[in-house]
Amino acid sequence: MQDLNRKALRLGIPLSVHLDVTYRCNERCEHCYLDHDDHGEMTTGEIRGLLDQLAEAGVFFLTLSGGEPLVRRDCFEIIRYARSLGFNVKFKTNAVMIREREARRLRALGVEQVQISVYSHRPEVHDEITKLPGSLKRTVAGIRLLKAAGLKVTLANVLMRANFEDGEGVRLLAAELGAHYTVDPTVTPMMDGNTSVLRHRIPAGSLRTVFHDPNLVEDVESFCAPPAPVDDDIREGLPCSAGHTACYISPYGDLYPCVQFPFRCGSVRRERFLDLWQNSPQLAEVRSIRGKDLTTCSSCSHLGTCTRCPGLAYMEGDMRGPSSADCEKSFVRTGIVTAGMIARETTAIPMAGLVQIKPLIQASP
Amino acid sequence: MSEKYIARSPAVASRVLDGEIVIMSAIDSTLFSLSEVATIIWQAADGQTPLSEIVHKRICAEFDVSPEEAYRDAEAFVEDLAQHGILRVSSKPLEIDIPVVLEDSWA
Amino acid sequence: MSAESLALISATSPVSTAAGVTVEIGGIPILLRSDDAEFRWMVEQRYASFVNTCFEPRYQFEIDLRPPAEPSDEDAHVTRDGRLWRFERGDFRAEWDPQLCRGWVRQTPNPYSIDTILRIVHSLVLAEEGGFLVHAASAVRSGSAYIFTGVSGAGKTTISRLAPENVAVLTDEISYVRRGRNGYRAYGTPFAGELARVGENLSAPLGALYFLEKGPANRLEPIDDATAARLLLRNILFFAHDDELVKLVFDAAFEFVSNVPVFRFVFTPDSRAWDMVG
């Protein structure tokens, strides 16, 4: 896989594309970063045309998600078409709408993996987050059907204020269901910049506990160890694969480096995907960034190991700047102060007082 | 020896990248990158052509290798892919369900 | 006020006898006491020529190398509580009594915490006297100090790198300005920026303040006091939303621009730039 990534990087091939087919959803998770109204989703025909272009461009890994993709009546048509083009399809759903027929069909279509968000093993906690009563029960039922049909299933557990104590519970649930388990404490601001959802993030103290939990972290000692010294390879390295071998397309045909990086690089409704991929000035800018170009992070001891997301940094005002959420993670994980924290130790002087002071100065001789 | 018929399984994802075929099995998520010989076998796996014919006409003709050795290697390769659900193997001709896209825009 | 700090900062409590290292910046020596020899050694290495130059400290801090009992978040908080100042961040907790000239620190054994604490203390001391710490490069040429300020990317590190042989670069990131009876002086600090070099422990009277901008040709432009003060305030290191402190810092900035030549300096990122300085 590493060789494949290296080759794709060298040739500039968009190996992976994440396509959200709708932002509509049958749940209303309190931390979600999406606007769930339909502002003119791509039609079946538009999506088929897009998939043709993606296949031609060399895209291999296709993640289909949303919102809840099954809310689209043509969802299976989209999957079938994608599979006929030879894509490796990863399907993300809450599984609430999955019955035996849907499970069998996904298996028959050769979907490689289904990923499902589970917030807690306790229905009261999970349902409170999804705002859909009975959702955990239906999701678990869907997971069982998917497993019975022979599909590979992953439970994705987003840890937040409301559910961070249930990580172990979800991990055990995944094991019981025969599913893989991934855990992540990332809560993303809304795509329009609204940061109110960030109040759901786990507070630092509890995050520390999560990171030191051997049930959730495979090798705590290694995970929480201080970073190795930063070398030139790291300084010349890429921040992440977004814009290099991966990108994201919204239900409205907007191209972004990543779903978590709302820096619009063009529209596949107006231009051909490959043209955008190769010639978009926004993508070119994202691609130009190396570790050494990061304003604050370039001097940070965590440069080689930080989970720094350029998209989160972009949403904080500077795609080359620090991501405070990742500063917090690196600090809480290792106890070593980050360059971002040092940059933030000072605060802006309230300039409103300037108006008050000015007359005093003019009065002096 | 009985004939073997091989057909590409529908449970795969594949793409030609820089002249090489990359395949991922939807059965067990293994990733394959096919060699030249493997590519020939894969592309010829239409379910109708016997493996012996593929080896004789396509491989022995192109490469300097004895028919016995070539067939042995081909059998082993086919067995491996079958284990991962990528090729279907049968003693009778097979139908292929989903066509695999083989155009390469990166060559 | 925590019971812990009450015990340590009271006029009658015994002075610690732990060994210490005195770090003198801007002519203000601060004694850092710790019974951990490895930590003292680290401080000596890190602050190099700023260490143990003087044995009459103005302030002393007792350093306890245990993680703070209740770690706060990763943002730094500096607050006033009566005559005490409290500093805290995820990696440290500290209190300082300027009148008793004493403080205590609880931090993990790392250099970043004490760096921040020293910056905070110095900025508070300077504010009282009309000085300040500022995001700026500074250098000494022919006996005068010159300060180059601007936002990140404006060229502070560039201008520092371009300095000719006979110019002593004090710092490329954090400059130290103190007001004395005879005017303003700039001092070197050990706080490193991208150059990652500890600055020189030198000082000189201030010649000029330059607001940097990279451009195609070298050009110096005069600038009015009000604008200069506003631009300067943007770059002054400021740690606490305290009304009294805000007023002190505002006054300091306005006094400074009224008394020191200030220019907008558009410069070419090559050796010709320094021809305009001094």
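This is a predicted model: local features need pLDDT of at least 70, side-chain atom pairs count only at pLDDT 80 or more; totals for chains, interfaces and linings use all residues.
Two strands pair if DSSP finds at least two bridges between them.

**A covered strand in chain C**

Strand β7 of chain C spans residues 102-107, and six of its six residues are buried. Which residues point which way? C:R102, C:W104 and C:R106 face one way from β7(C), while C:G103, C:V105 and C:Q107 face the other way.

As for its partners, strands of a sheet pair through backbone hydrogen bonds, either parallel or antiparallel. In chain C you can find both senses around β7(C): β3(C) pairs with β7(C) in the parallel sense, whereas β6(C) and β7(C) run antiparallel.

| Strands | Sense | Bridges | Residues standing opposite |
|---|---|---|---|
| β3 (59-64) and β7 of chain C | parallel | five bridges | C:E62 and C:W104 |
| β6 (92-97) and β7 of chain C | antiparallel | six bridges | C:W96 and C:G103 |
| β2 (61-65) and β3 (88-92) of chain A | parallel | four bridges | A:L64 and A:F91 |

β6(C) and β7(C) also form a hairpin with four residues between the strands. There, C:C101 takes a positive phi near 60°.

**Chain C as a whole**

Stepping back, chain C holds six helices and 15 strands. Of its 278 residues, 46% count as buried. Its C-alpha atoms fill a box of roughly 60 × 40 × 35 Å along the principal axes. How does the radius of gyration of chain C agree with that of a compact globule? A compact globule with 278 residues would have a value near 19 Å, and chain C has 19 Å, so the two agree. Among contacts between residues at least 6 apart in sequence, 66% join residues at least 24 apart.

**The sheet of chain A**

Chain A has an open sheet of nine strands with mixed pairing, in the order β6-β5-β4-β3-β2-β1-β7-β8-β9. At the edges stand β6 (180-184) and β9 (266-267) of chain A; each has a single partner strand, so one side of each is left without a neighbour in the sheet. Helix α7 (167-177) of chain A packs on this sheet and touches β5 (153-158) and β6 of chain A. The direction of α7(A) makes about 160° with that of β6(A).

**Where chains A and B meet**

Here, 20 residues of chain A are in contact with 20 residues of chain B. On the chain A side, α1 (2-11), α2 (44-56) and α3 (75-84) give two or more residues each, and α1(A) gives the most, with three. The residues on this side of chain A divide into ten nonpolar, five polar and five charged.

Key: Residues are numbered from 1 along each chain as its sequence is written. Chains are lettered from A and ligands numbered from 1 in the order in which they are written. The radius of gyration is taken over C-alpha atoms; the globule rule is 2.2 Å times the number of residues to the power 0.38. A residue is buried if 20 or more other C-beta atoms lie within 10 Å of its own, exposed if 12 or fewer, and partly exposed in between; C-beta atoms are placed from the backbone. Two residues are in contact if their C-beta atoms, placed from the backbone, lie within 7 Å. Axes are lines fitted to C-alpha atoms, for helices over the stretch in contact, and angles run from 0 to 180 degrees between N-to-C directions. Ala, Val, Leu, Ile, Met, Phe, Trp, Tyr, Cys and Pro count as nonpolar, Asp, Glu, Lys and Arg as charged, and the others, Gly among them, as polar.
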